[in-house]
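Here are my notes for a colleague meeting this structure for the first time. Please read them with the model open.

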2 protein chains.
Amino acid sequence: MDRNLIINTIRALSIDQVEKAKSGHPGMPLGASHIIYLLFDKFMKFNPADPKWFNRDRFVLSAGHASAMLYTTLYVMGYDITIEDLKAFRQLDSKTPGHPESFLTPGVEATTGPLGQGLANAVGMAIAEKYLRTLFEKKGHKIIDHRTFALVSDGDLMEGISSEAIQLAGHMCLDRLLVIWDNNGISIDGPTSLSWSEDVLKRFEASGWYVDSLEDGYDLDALEAKITKAISQQKPSFLAVKTKIGYMSPLEGKNSVHGAPLGPENAQKTKENLGWNLSPFEVPKELLEYREQKIKEGQRLQNLWQKELENLRQQSEEDYILLERMMAGEIPKDLFNDLPQFSEPMATRQANQKVLAYLSSKLEELIGGSADLSESTGVYIKSPEKVINFGVREHAMGAILNGIAYHGGLLPYGSTFLVFSDYMRTPIRLSAMSGLKVIYIFSHDSIALGEDGPTHQPIEHLWSLRLIPNLFVIRPADANEVAFAWQIAIERQDGPSAIILSRQKLPIIDRSKFPPADSILKGAYALIEDENPELIIFSTGSEVHLSIEVATKLKELGIRLKLINMACIELFLNQPKDYIERILSPGVKKRIAIELSQGTPWHKFVGMDGLIIGLESFGKSAPMGDVLKHFGFTKDEVFNSITSYLRR
Amino acid sequence: MDRNLIINTIRALSIDQVEKAKSGHPGMPLGASHIIYLLFDKFMKFNPADPKWFNRDRFVLSAGHASAMLYTTLYVMGYDITIEDLKAFRQLDSKTPGHPESFLTPGVEATTGPLGQGLANAVGMAIAEKYLRTLFEKKGHKIIDHRTFALVSDGDLMEGISSEAIQLAGHMCLDRLLVIWDNNGISIDGPTSLSWSEDVLKRFEASGWYVDSLEDGYDLDALEAKITKAISQQKPSFLAVKTKIGYMSPLEGKNSVHGAPLGPENAQKTKENLGWNLSPFEVPKELLEYREQKIKEGQRLQNLWQKELENLRQQSEEDYILLERMMAGEIPKDLFNDLPQFSEPMATRQANQKVLAYLSSKLEELIGGSADLSESTGVYIKSPEKVINFGVREHAMGAILNGIAYHGGLLPYGSTFLVFSDYMRTPIRLSAMSGLKVIYIFSHDSIALGEDGPTHQPIEHLWSLRLIPNLFVIRPADANEVAFAWQIAIERQDGPSAIILSRQKLPIIDRSKFPPADSILKGAYALIEDENPELIIFSTGSEVHLSIEVATKLKELGIRLKLINMACIELFLNQPKDYIERILSPGVKKRIAIELSQGTPWHKFVGMDGLIIGLESFGKSAPMGDVLKHFGFTKDEVFNSITSYLRR
């Protein structure tokens, strides 16, 4: 089929989608359809009939606003997307939402839209591919071997996360990564020259990338040649392709074509300019044949690979089983039988290091690292091949973890101080939205970190994270609970977890007196549970110990109480209703929450008149003991607050 | 006084601080004290006796962990910091906290520690200087004229925000900005080569900076010559100085010297290597003289400028008054007398545009812009000289706004979609911590934005922002309230505000039937207030209209109720206790909150058993009406939820 006809199909259907929805972004689909076409047609291996084929090439549309173009391309390439789906663009519960959502649409590799994320996701995918390729090559098998392509916009490259990600990609020499820049010189506010005069290629070059550019971006042969050359390099490649936003439309080159429908008249004129005379959503007859051909070709490619997989099985049953297990995202059955146990007081971040060492020894798929705080956050492990040194780049770290999770086969984790989760809110949110199994490790979880002061002391972070839908926030109270926090995070299949760790040493809860540490597998459990309690206390993490001390003193006064460890509220609220009721004991009138955090949302559990012993302001730089005393987090002060609350 | 003796004083006192505190970062003070010394001694104009002198040069220690070095330098240079203050390093309520806090310590220009922020703050300060210089130059006065210096670390430059900020600085040709890189090649996890192989100078060059480097970073004469050359350039300058972390200590060049005390033995050895034989916290006798000299010199410089200011007064009383008003951060008395009023339904983001146009016409000091969403967020104004085109760089935008506020004289604002506030959480938090008057405009404030879908629809953001201490989050319910939202933000003196705006058109509340729009100046007020209410409803923004509709229907059933517009909860909770009680009516048993947000914290106002009509999951891509219906935000569904709640 004539390639221009295919490209025009993508352009015309993209226009039709936006026009029908009366909403969307026609500018980039008109400007860049020929690029995405060329990648899918000439360079990428994929199987439309099995969009999750493990060894496929990945394509990420980082400029997610051009979603119409992506959906049309996937339709054209034979994926399970119909013309009806395209007609339902941006409508409720369609497969074709406003921005690509990885969990909705076959062939959409990443949820994009927030700029810069997709580019860093692609870096993560390339890291995953390289790790798996190397892992199995070391075992003597050439079985993982594919490329990652990303199409990015001006906005993607202005975002700081792009610099973080390209520095890492260059440093890690991700030679199977090609990033193409739709260099149309227009952003929402007008020409990019309003705010940008950078030599972008030079920035990529500075990070060790192969760079090239194409002045006449619509010269398809030249584009093909440039891509061919770019992917043959021994380092990541960046290709700047000069394009025109809204190409061939009356609004070509104008920012007004970026994010609003052309309107019937301009849509018609554009189609005339393209020589397109089919009705809306009509496609050339040849296209069906082309689709069939792409499906057949994809199946052929996958079959070839299945044979290689069969060969692998012949060569080594063990390696085959490993790969199958990793591809399926399954956990070894006995993984949690031998979790480390602890009897000595230690910071939960230290316990984390030991738990991670154990898990890492069992799980080839567990890879990750830290934004330059490995030892501080307790993720330092001794297998350098499984470590990603993210550098001081929290934002890219988050999006790269997402990219690794999107890729599949691996279980990624990353760490920093809890306060710096603020640098990576967007990727955390996107992990949660896309249901990615990513494990975030956030240490230094309260003002108890002491001297570093308010810039480093989280206050609002615990609840800000808990407010993100579908994120598990797990704050273990002692070393033994850390092990089970990991079990929660690893067993969970549909989303990310954040494990929150203390800087300071914490006692070990005496499990001969209290329920076992694995009780946190239900999210929350009662540490103390008197009959007919007059008082219920909720607490998490380091404050559980303070709460036990205070509760013991209260019991000495004859007060009957319940003390709940609320280690993971989201998991707890997923338990059966009767368990939830039993723990929450809504009939108990006097209700208290004790946590070193901005605690307003605790009112959910303690009610309007409940007592929240938390923090209302930023912290203070001082030694731990002084800070805790200053904010009233001592046994005596908390005890006094509670007794005066009980007298109210 | 011998300059090496001064430098060694800074080094030795820095060691002493860290040793005494048994906590802190000796590595960079040893490695970079000579740089900060040279800047303060040779290049900067300042008056230690008046650290807020408006026309001083600004110095930002972006690598805030080297705070000991900064405090010592300020002491040495004659600021109001004593040896006793240095001894209280990292202790409760001292002037010398773990990381620099602008609001605590004379001479500390910015709160730093979270990496990359200080660099972008410095860009903001240079923007402020350039704006003010140009403004008064246009009026014929050379009155504002100073430089901004920043000292940055490896970590600052790995953070993505650094790329965003340097792109803007290069683009805006901020020629009074010098950034010096303490290039010691060591980060917390080890050599920076673990995660970094970028040609950093090339990145700066790509953004239009003058770049230079110094291989022997301890050659003071060469350093002085390089700085002299750098600051004479017509563009921002970047100077990479090769240093050694922990210079002259037994741990020189090791990552272990970054963030932990040397220990008595190594501290002693270091002093020996430096030829330093004074006791801890003892200073050379000559130093007192040097301090006096710096204080005198500073006063002389400021006096000269005061004369220029007096000349300005002679030339133009009007311009003088303007400058004085701006420097004092005062608002024209009649500013709020003529706020725009609205009678036609419109999106609050549209109203924002009109309010901003009015305010901008009255306030020379109001400058700002958008991260490439000017028209979308309603901040498009027609005075290009007052607009900062931030590009798609939310994170740098936030930190630059902080830098402008730190500088003083101006009132900065910046805008993006509410969901993208996630990209700039750290600077928002730092505005709040440092009490900076920054105005954030966040539009597209709910799932009602429709088709763009879940990546663009804020869910957890309203409350995530409200949880940040000292941030006012103001969500006006109609166009008229937008004007008063600005009044709140501008009248507030001690911190930032976020004004939250709708994408969709909203009705105008009929003020003949309801209290006036300026009622939101108290943060919250009753729209409906029946006697002996059996029900109270809290709502904000666009949901206020839904609430009015539903309330009207409920009243038709004879239900007595109160409807509260909770436009700014933080401001409301600052009101007198009796007003708070009157509004909250804690005696009313049936309590409801209606807001398009993850609403858990609303339990504070509705109690454990209250009804929260909010959102528990991510949004959906679909036209507004369909999305709202899907999530139950229609008059009928809300009415039904409420009546069934009332029957409980």
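1. One salt bridge is counted between domain 1 of chain A and domain 2 of chain A. The term covers a side-chain nitrogen of Lys or Arg within 4 Å of a carboxyl oxygen of Asp or Glu. A:Lys139 pairs with A:Glu364 in a salt bridge, with 3.4 Å between the closest N and O atoms.

2. The model is predicted; local features need pLDDT of at least 70, side-chain atom pairs count only at pLDDT 80 or more, and totals for chains, interfaces and linings use all residues. Residues are numbered from 1 along each chain as its sequence is written, chains are lettered from A and ligands numbered from 1 in the order in which they are written, and side-chain values use heavy atoms, without hydrogens and water.

3. Contact here means heavy atoms within 4.5 Å. On that basis, 29 residues of domain 1 of chain A meet 26 residues of domain 2 of chain A.

4. Domain 1 of chain A and domain 2 of chain A bury about 2300 Å² between them, 67% of it on carbon and sulfur atoms. Buried area is the accessible area (1.4 Å probe) that two parts lose on being put together, summed over both. In domain 1 of chain A, the residues losing the most area to domain 2 of chain A are A:Tyr131, A:Glu164 and A:Leu168, together 26% of what that side buries.
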